[in-house]
Amino acid sequence: MKKTIAAVAVLLTVAALFSSCSASGGRFSGMNYKLRDDGTVVITGYSDKTTVTELVVPDEIDGKPVVGIEDFGICNAESLTKLTIGKNVREIAGWALTNNQHITEDVVAEGNESFVSVDGVIFSADMKTLYCYPCGRDVEFDRFGQNLNTTTYSIPDGVEVIRTKAFYKCYYVDVDYFPDTITDIQEKAFHKASALTD
């Protein structure tokens, strides 16, 4: 009888642990996520960094809206060439999308009220803040992954803020036009953007 009670107690404890884990977060399509107290979901990490070329941050996970990507949520992803942000995402942390060298296009799902993608670059919906430039946009690599060219980008008129880490480690991109509307270039916005000429 004592062994049976002890066994049941152990099973209940294990079940409670697993229940707690699933309630607070989990994994979806290679992404780690956590559930906030308000019932929303944020992406906290990404682990499949060598095989997947396209990644979609979904609108929902288990019926709960995905509203954010935390620092280092999707970074250092070697194989990604395209990233799509779901319509419910309203928060992108400063380190969230850094050092994805081969992404050529960032897409924002239709209906997103916080962000928009123009020519593969992520901006705030009002186009006043440039959030993330895809490091591989218009950049060519050979079959060994060696860079073959540099490219240029003109920041659109009306942009006021270059967000922190926006061009982080965009080694092969030269920004050839900064509009006079810019009032704020945040920390490490162009860190290691070594192709900048002026």
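Colleague: How many cavities of 30 Å³ or more does a search of the whole structure find?
Modeller: One, going by a search of the whole structure at that cut-off. Bear in mind that this is a predicted model.

Colleague: How much space lies in the largest cavity?
Modeller: About 170 Å³.

Colleague: And which residues lie nearest its centre?
Modeller: L97, T98, C132, K165 and A166. They belong to a lining of 22 residues.

Colleague: Switching to the cores. How many residues has the largest nonpolar core?
Modeller: It has 24 residues. Those with the most contacts inside that core are I43, V57, I69, I74, L83, L97 and I122. L97 has come up already, as one of the residues nearest the centre of the largest cavity.

Colleague: Which strands each supply at least two residues of this core?
Modeller: β2 (31-35), β3 (41-46), β4 (54-57), β6 (64-69) and β7 (82-85). β3 gives the most to this core, with three residues.

Colleague: What does I122 touch?
Modeller: Leaving out residues up to four places away in sequence, I122 touches I85, I92, L97, D106, V108, F115, V116, T129, L130, Y131 and C132. Two of those, L97 and C132, are also among the residues nearest the centre of the largest cavity.

Colleague: OK, strands. How do β3 and β6 run, parallel or antiparallel?
Modeller: Parallel, with three bridges joining β3 to β6. V42 has G68 in β6 as its bridge partner.

Colleague: What stands opposite G68 in β8?
Modeller: E91. Strand β8 (residues 91-92) and β6 run parallel and are joined by two bridges.

Colleague: And β5 with β6, parallel or antiparallel?
Modeller: Antiparallel: two bridges join strand β5 (residues 60-61) to β6. I61 has K64 in β6 as its bridge partner.

Colleague: How many residues are there between β5 and β6 in the hairpin?
Modeller: Two. D62, in the turn, has a positive phi of about 50°.

Key:
Residues numbered from 1 in each chain as written. Predicted model: local features only at pLDDT ≥ 70, side-chain atom pairs only at ≥ 80, totals over all residues. Heavy atoms only, no water. Core = buried A, V, L, I, M, F, W, Y, C linked by side-chain atoms within 4.5 Å. Buried < 20%, exposed > 50% of the residue type's maximum accessible area, 1.4 Å probe, protein only. Helix = DSSP H or I, 4+ residues; strand = E, 2+ residues; numbered from the N terminus. Contact = heavy atoms within 4.5 Å. 1 Å grid on protein atoms, 1.4 Å probe; cavity = no way out; pocket = protein on both sides within 12 Å on 5 of 7 lines; lining within 4 Å. Points joined across faces, edges and corners; volume = space filled by probe spheres on them. Pairing = 2+ DSSP bridges.
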